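I opened the notebook to go through this structure element by element. Here is what I looked up.

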Amino acid sequence: MPQPPASRLVAAGFSATLRGSTVSIAKEISKRRTFAIISHPDAGKTTLTEKLLLYGGAVQLAGSVTARKNQRATTSDWMELEKKRGISISSTVLQFDYDGFRINLLDTPGHKDFSEDTYRVLTAVDSVVMVIDSAKGIEPQTRKLFEVCRQRGVPIFTLMNKCDRPMKNPLELIDELERVLGIGAFPVNWPIGNGPEFQGIYDRKTKMMHTFERVVGGKHRAPVSVGGLHDPAVRGNLSDAEFAKTLEELEMLEHAGEEFDEAAVLAGKTTPVFFGSGVNNFGVQLLLDGFLKHSPAPKSRVMGGIEISPENPAFSGFIFKIQANMDPKHRDRIAFIRVCSGKFDRDMTVHHSRSEKKVRLSSSHKLFGNERETVDEAYPGDVIGLVGHDSFGIGDTLTTDPKILYKEIPRFTPEAFSFLHNPNTGKYKQFRQGLDQLLQEGVIQALYLRNSSIKTPLLAAVGPLQFEVVQFRLESEYGAESRLEPASWNVVRWLPTDITEDALDGLSLPTGAKLAYDLGKNPVILFQNEWSANYFNETNKNTPLSAVPVQTVRE
Ligand SMILES: Nc1nc2c(ncn2[C@@H]2O[C@H](COP(=O)(O)OP(=O)(O)OP(=O)(O)O)[C@@H](O)[C@H]2O)c(=O)[nH]1
Ligand SMILES: [Mg+2]
């Protein structure tokens, strides 16, 4: 029999491997669930994160990294200042396996001063869990975050949390979602009892009631009994009045006759609603399982009119966060990349969009709070940490196909301005090194005044709490003291990037306004107030201003 030419043999073998690897990539993608937990401050995101880790089997005891180390801090709020203040300042990535899924969970800070970090995270996830304090309903920051998700078409799952506190009527809460946010709301389950009487959750799909026992401190899973609505053993201590009210509410829901519409959920038009109490572990298992069942795996991204599917054989991803000094044992910086297509292999060489150079990615890690472990491969949906690349910045694309360029990261207009002085000249090196690092992390922006003898950096932030973070981290991570001096400007606007120095000299600025440059050497004008910025706009029609730099080139 004539033998096929050698080249055909090679080609056949090659395509067989390609098919094999495509199948395995598709399988890996279908296992990935990458989501953020979002809400107004204090609704219970970090507490819920801990409980999802507990129920997901990723920690043995909620509220501690490992029982062995006997650390009491949450896994998610690992930063010194977060522990001290009891609030989340920086988003945290936690990767773990549960029930056949590879979960990438991102806990975000709720405070508006840190919303830059939260918004960047939203570019890196495929869905979100929106946590609502059931006593308060929809709060302002939740509404803003919701809008961003809606614009991006991100599917939203809702947890009505803190049902162990006197809560709003659950029907009202559902109505509020529809009225205030304008999204369809489908209650997947329903609370049984309210506040101190809250003792369980009714699963509308299985028609089963889950009643829980409280466990001290909520560190362990809550013991649960499952049974039909009229099962006395399951009904527990619920008063007749409460029970009758629950039955009535459930009847009303059934009467409304709405079906769970998977397509509407995936399109971000309907949110499945779960009830629970994170602190007491009530409803956490139902939320985790319900979320995994209905949430999407990574899907295609469209960039500049080109659709990049996760199955695309070229590896690609973008950096959405940089964080230094996560682990005091390793004083280094981690760039967080969201893998969007293809397969990541440790030691692979990729194209780096900012430098347009090839770089080898040898130090890659999977992340669990501030813990890390070397990772050899990763798939679309995964968030991994890359160490040892000082040239990496937020927004950069890394890919084996240089035609792929992600432009996902939003820019924010600073609204708070303050000079940062170094009061201790002997520590100038630490001060400068610390500040440069924090600037690269995007914790804050810095501006330098034009034609000025003042060389002190002018810090520009979305909110003043960011200044506090800079000062605290300079001191605790770099041993550098600092002093803030409030500046008299409140508004910054970017000038066209191609404006000449002569044209800048020729500008006539309103009283108190000043020219400055951002770190990318883009010129800006600092104004004392909005009125003055508008006046400049009116009187200088040929010099359009913008609230964010049109194009940023950092050096
Ligand atoms: N009663 C009650 N309190 C809760 C529940 N979940 C969280 N809390 C409390 O609410 C407070 C805030 O909880 P966190 O989990 O830190 O809230 P967060 O949303 O992460 O806050 P930020 O990250 O700062 O926006 C803490 O005191 C928690 O103990 C709950 O289900 N019931
Ligand atoms: Mg938090």
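Which strands does helix H12 lie across? I looked at residues 465-478, the span of helix H12. The helix lies across S24, S26 and S27. I read its direction against S24 and got about 20°. I keep in mind that this is a predicted model.

Next I asked in what order the strands of the open sheet of 7 strands come. I noted S27-S24-S26-S25-S29-S30-S28. The pairing is antiparallel. I then checked the edges. Strand S27, residues 483-486, is one edge strand. Strand S28, residues 491-494, is the other. Each of these two pairs on one side only.

Strand S24 covers residues 416-421, and strand S26 covers 458-461. They pair in the antiparallel sense, and I counted 4 bridges. Which residue of S26 stands opposite Ser418? I found Leu459 there.

**Entry: helix H14**

I moved on to helix H14, residues 530-539. H14 lies across S28 and strand S30, the latter being residues 523-527. Its angle to S30 is about 130°. S28 is also an edge strand of the sheet, as noted above.

I followed its pairing on both counts. Strand S8, residues 200-203, pairs with S9 in the antiparallel sense over 4 bridges. Strand S10, residues 224-227, runs antiparallel to S9 and is joined to it by 4 bridges. In S9, His210 is the bridge partner of Ile201. In S10, the bridge partner of His210 is Val226.

I also checked the hairpin of S8 and S9. It has 4 residues between the strands. Lys207 in this hairpin takes a positive phi near 60°.

**Entry: Gln141**

Last, I looked at a single side chain's surroundings. Gln141 lies in helix H5, residues 140-152. Is Gln141 buried or exposed? Its relative accessible area is 5%, under the 20% cut-off, so I logged Gln141 as buried. Which residues does Gln141 contact, leaving aside neighbours within four places in sequence? I listed His40, Pro41, Gly110, Lys112 and Ser115.

Definitions and conventions
Residues are numbered from 1 along each chain as its sequence is written. Chains are lettered from A and ligands numbered from 1 in the order in which they are written. This is a predicted model: local features need pLDDT of at least 70, side-chain atom pairs count only at pLDDT 80 or more; totals for chains, interfaces and linings use all residues. Side-chain values use heavy atoms; hydrogens and water are left out. Two strands pair if DSSP finds at least two bridges between them. Contact means heavy atoms within 4.5 Å. Axes are lines fitted to C-alpha atoms, for helices over the stretch in contact, and angles run from 0 to 180 degrees between N-to-C directions. Buried means under 20% relative accessible area, exposed over 50%, partly exposed in between (1.4 Å probe, protein chains only).
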